[in-house]
Amino acid sequence: MMRAMTAQHLRSVEAKAFVPAKDFVLAQRFYQELGFTMEWANDEVAQFRHGPCSFLLQNFYRAELADNFMMHLQVEDVDRWWAALQPVVLRHGVRCEAPSDKPWGMRDFAMVDPSGVLWRIGQTL
């Protein structure tokens, strides 16, 4: 008798978010300046990677989506990331708060990209 296959027996490889972009070209440049590598792109989607982490930037924008979209990037040294991102933040005029220790066991900072997407970049305490 053959047992039924369930999701717990399947192996996943990766999950990626589709991040909205108000200005697709500007957003591509912004993420490259942050240190992400654009692995490929077409007129609708671009894949970005930094180390083992990746996401898909989409040439799609709805304010309701972008204003409620949040990404989390866990890094090894959040203070070094914050310092390295400051020139890009200033150049693009985006909001970015200083890192601080959070009660949920992370040291992180929030940054809003040019489309309104909120990124939390942090490290485990």
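**Close-up views: salt bridges, aromatic pairs and core**

**View 1. K16 and E14 form a salt bridge.** In this predicted model, the closest N and O atoms of K16 and E14 are 3.5 Å apart. K16 is partly exposed, at 30% relative accessibility. E14 is also partly exposed, with a relative accessible area of 41%.

**View 2. R49 and E39 meet through their side chains in a salt bridge.** The N to O distance is 3.0 Å. R49 sits in strand β3 and E39 in strand β2 (residues 37-41). The two residues are 10 apart, and the pair links distant parts of the chain. E39 counts as partly exposed at 38% relative accessibility. A network of salt bridges links E14, K16, E39 and R49.

**View 3. K102 and E97 make a salt bridge.** Their side chains meet at 3.7 Å, N to O. K102 is buried, because its relative accessible area of 12% falls under the 20% cut-off. E97 is partly exposed at 34% relative accessibility. The count for the model comes to 10 salt bridges.

**View 4. F36 and F55 pair edge-to-face.** The model holds nine aromatic pairs. In this one, the ring centres of F36 and F55 are 5.4 Å apart. Their planes stand at 80 degrees, so the pair is edge-to-face. F36 lies in the loop between α1 and β2, and F55 in strand β4, so the pair ties together parts 19 residues apart in sequence. Both F36 and F55 are buried.

**View 5. F48 and F55 stack.** Their ring centres lie 5.5 Å apart. The planes are at 15 degrees, so this pair counts as stacked. F48 is buried, at 0% relative accessibility. F55 is buried too, at 1%. One aromatic cluster takes in F30, Y31, F36, F48, F55 and W119.

**View 6. The largest nonpolar core has 28 residues.** Y31, F55, L57, M111, W119 and I121 have the most contacts inside this core. Elements that give two or more residues to the core are α1 (24-33), β3 (45-50), β4 (53-58), β5 (70-74), α3 (78-92), β7 (106-112) and β8 (118-124). Helix α3 supplies the largest share, five residues.

**View 7. Y31 and the residues it touches.** Leaving out residues up to four places away in sequence, Y31 touches V19, F36, F48, F55, L57, D113 and W119. Y31 belongs to the aromatic cluster, together with F36, F48, F55 and W119, among others.

Notes. Residues are numbered from 1 along each chain as its sequence is written. This is a predicted model: local features need pLDDT of at least 70, side-chain atom pairs count only at pLDDT 80 or more; totals for chains, interfaces and linings use all residues. Side-chain values use heavy atoms; hydrogens and water are left out. A nonpolar core is a set of buried Ala, Val, Leu, Ile, Met, Phe, Trp, Tyr and Cys residues joined through side-chain atoms within 4.5 Å. Buried means under 20% relative accessible area, exposed over 50%, partly exposed in between (1.4 Å probe, protein chains only). Helices (H or I, at least four residues) and strands (E, at least two) are DSSP runs, numbered from the N terminus. Contact means heavy atoms within 4.5 Å. A salt bridge is a side-chain nitrogen of Lys or Arg within 4 Å of a carboxyl oxygen of Asp or Glu. Rings of Phe, Tyr and Trp (its six-membered ring) pair if their centres lie within 6.5 Å; planes under 30 degrees apart count as stacked, over 60 as edge-to-face and the rest as tilted.
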